[in-house]
Amino acid sequence: MKAGNDRRGYGWVARAFHWAVAALILAALGLGLYATSLPYDTAEEAARSFQVFSVHKTVGITVLLLAGLRILWALGQPRPGHLHPDRLAETLLATLVHWALYIGMVVMPLSGWLLHASAPGAFSRILWPFGQRLPGVPEDLALSEKFTAFHVTGWLVLAVLIALHVAGALKHALIDRDATLARMAGKAENLPQPPADPHRWTGWLAAAGGVLVWAFVAGFAWLAPTPPAADSTPQAMTQAAPGANGWTVTEGTLNIAVLQGTSTVSGGFGDWQAAIDYDPDTGQGRVEVTIQIASLTLGAVSDSAKGPEFLNAAAFPQAHLTAAITPPQAEGEPHLAEGELTIAGQTVPARMPFQLTIQNDQAQAQGGLTLDRRDFGVGETYGDESTVGFPVEVTFELTATRN
Ligand code: HEM
Ligand code: HEM
């Protein structure tokens, strides 16, 4: 068999590309659907889901590579002529589907890659030694959700296109009993010479139709309402400390960040109370913070973070910090809150530096500390850092007014 195509049939290069890409696309579709159907409640289940997604992504990237090569090859090749160019609608539909499939084999994996690269909490890796991010693509939840909308609408459109395409191939083989399937799948000899095509414009119309199909998907994904992004700047509940030096928190955020695989997933607690007692003259005081674990949002893994493997909100609904505030040791140094932190039923000593500015009885404070999740027995079944890192960065910012 010749490498190149001619007017009668496809050469072996086009055939090899066709069947390799077809098999890999069907595998990517199956793996994508399987991965999203998997449960995600225990450490083993999460690890399994990571694995399947990693294979899905790697197969998808392979499709992108092969599709690129295939298109470059096809650009320099003649296309076998239609066997029934007189059947206008059929020819138009078949060619439109071919165009849409060519575009689909690029934009589907590309949208997957873009959603992976822009997802702040993407943690199942593409199985390759190159980076996981893309230059120029920011980690941005809203952007990632647009690409996800494209990807999950796109696979349905791609599946319909493949169904139409396969139905067409089968119709040619079983009903028309012509050589259309044979020239992609059968012997290269004795293929019939296609008649001259009287409607050359159908090719351009079909190309425009193929582009339109994906333009609709893009428009739909762009306009589709996306679920509200995880609130990463939750409002603190206010609570006043009693006494002359009491302060009331009027707004604030309490956020955490942890490394998952290669990327950082971050989020915060929407419901926490701080009772602050602080004397600006001495720089001393006390703080008690109560955090409602159930109010945590953490990217795509909010539920598992609060589940039994990690913070276990059902058994330990609150975390507590009780600390004494001490003034800066020198000009420009931070204040310190030193005391005890209780998370998931485990109490450990905690030391948290923070910056404080006070103007007209309004205080602004920001600070944080790094915890080791193992100190609290959080994520014990994740004994190494391959899926979830040990350090957890805690940061806060608040505004408080003097009572
Ligand atoms: C030919 C290529 C591809 C096809 C046909 C495909 C197909 C699919 C399908 C059918 C799903 C399930 C969607 C759902 O349950 O609604 C999915 C999800 C997903 N795919 Fe792909 N995919 C491809 C390439 C990729 C690539 C290259 C990546 C990343 C590098 C990727 C990342 C993802 C992710 C992260 C999801 C989960 C999206 C979510 O629901 O949040 N995909 N894909
Ligand atoms: C799995 C079952 C499949 C069958 C039986 C099949 C069959 C065929 C046949 C017979 C042709 C030649 C049509 C002609 O000569 O006019 C063809 C072409 C083509 N197929 Fe498939 N196909 C399958 C899957 C796929 C898949 C999954 C894709 C890609 C997403 C795909 C993309 C294409 C494209 C783009 C062409 C046009 C090639 C060209 O003219 O440059 N096919 N297919």
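# Notebook: surface patch, iron sites, domains, salt bridges, loops

I began with the surface, where Leu65, Leu69, Leu72 and Leu75 make up a nonpolar patch with about 470 Å² of accessible area together. For patches I took residues with over 30% relative accessible area and no salt bridge, joining nonpolar side chains (Val, Leu, Ile, Met, Phe, Trp, Tyr) within 5 Å and like charges within 9 Å. Accessible areas are from the Shrake-Rupley method with a 1.4 Å probe, and for residues only the protein chains shown count as cover. Leucine 75, one of the patch residues, belongs to helix H2 (residues 43-75). I noted leucine 75 as exposed because its relative accessibility is 70%; the classes are buried under 20% relative accessible area, exposed over 50% and partly exposed in between (1.4 Å probe, protein chains only). Helices (H or I, at least four residues) and strands (E, at least two) are DSSP runs, numbered from the N terminus.

Conventions, for the record. The model is predicted, with local features needing pLDDT of at least 70 and side-chain atom pairs counting only at pLDDT 80 or more, while totals for chains, interfaces and linings use all residues. Residues are numbered from 1 along each chain as its sequence is written, chains are lettered from A and ligands numbered from 1 in the order in which they are written, and side-chain values use heavy atoms, with hydrogens and water left out.

## Iron sites

I looked up the iron atom of ligand 1 and found His56 (NE2) and His151 (NE2) coordinating it at 2.0 Å. Donors here are N, O and S atoms within 2.8 Å of the metal (3.2 Å for Na, K and Ca); water is not among the atoms, so sites may look incomplete. The site of the iron atom of ligand 1 is octahedral, with 6 donor atoms and angles of 87 to 179° among them. Histidine 56 is in helix H2 and histidine 151 in helix H4, so this pair ties together parts 95 residues apart in sequence.

Ideal angles for six octahedral donors are 90 or 180 degrees.

Is histidine 18 buried or exposed? Histidine 18 counts as buried, at 12% relative accessibility, whereas histidine 165 is partly exposed, at 26% relative accessible area.

## Domains

I checked the domain assignment, which gives domain 1 (12-223) and domain 2 (246-402). The bounds come from an automatic or database assignment. The C-alpha centres of domain 1 and domain 2 are 46 Å apart.

## Salt bridges

I counted a salt bridge where a side-chain nitrogen of Lys or Arg is within 4 Å of a carboxyl oxygen of Asp or Glu. The count is 7 salt bridges.

Glutamate 338 and arginine 351 pair at 3.3 Å, N to O. Glutamate 338 is in strand E7 (residues 335-343) and arginine 351 in strand E8 (residues 346-359), 13 residues apart. Glutamate 338 is partly exposed at 38% relative accessibility, and arginine 351 is exposed at 53%.

Arginine 87 and glutamate 90 meet at 3.4 Å, N to O. Arginine 87 is partly exposed, at 31% relative accessible area, as is glutamate 90, at 28%.

Aspartate 372 bridges to arginine 374, with the closest N and O atoms 2.7 Å apart. Salt bridges that share partners join Arg87, Glu90, Lys171 and Asp176 into one network.

## Loops

I looked up aspartate 281, in the loop between strand E3 (272-279) and strand E4 (284-292). Aspartate 281 is exposed, with 74% relative accessible area. From aspartate 281 to proline 327 the C-alpha to C-alpha distance is 9.8 Å, against 46 residues in sequence.

Asparagine 312 has phi near 50°, a positive value in a residue other than glycine; this asparagine 312 is in the loop between helix H7 (302-306) and strand E6 (318-326). Asparagine 360 also has a positive phi, near 50°, and is in the loop between E8 and strand E9 (362-372). I noted asparagine 360 as exposed, at 78% relative accessible area.

Terms used. Tetrahedral: all angles 85-135°; square planar, octahedral: opposite > 155°, others 65-115°.
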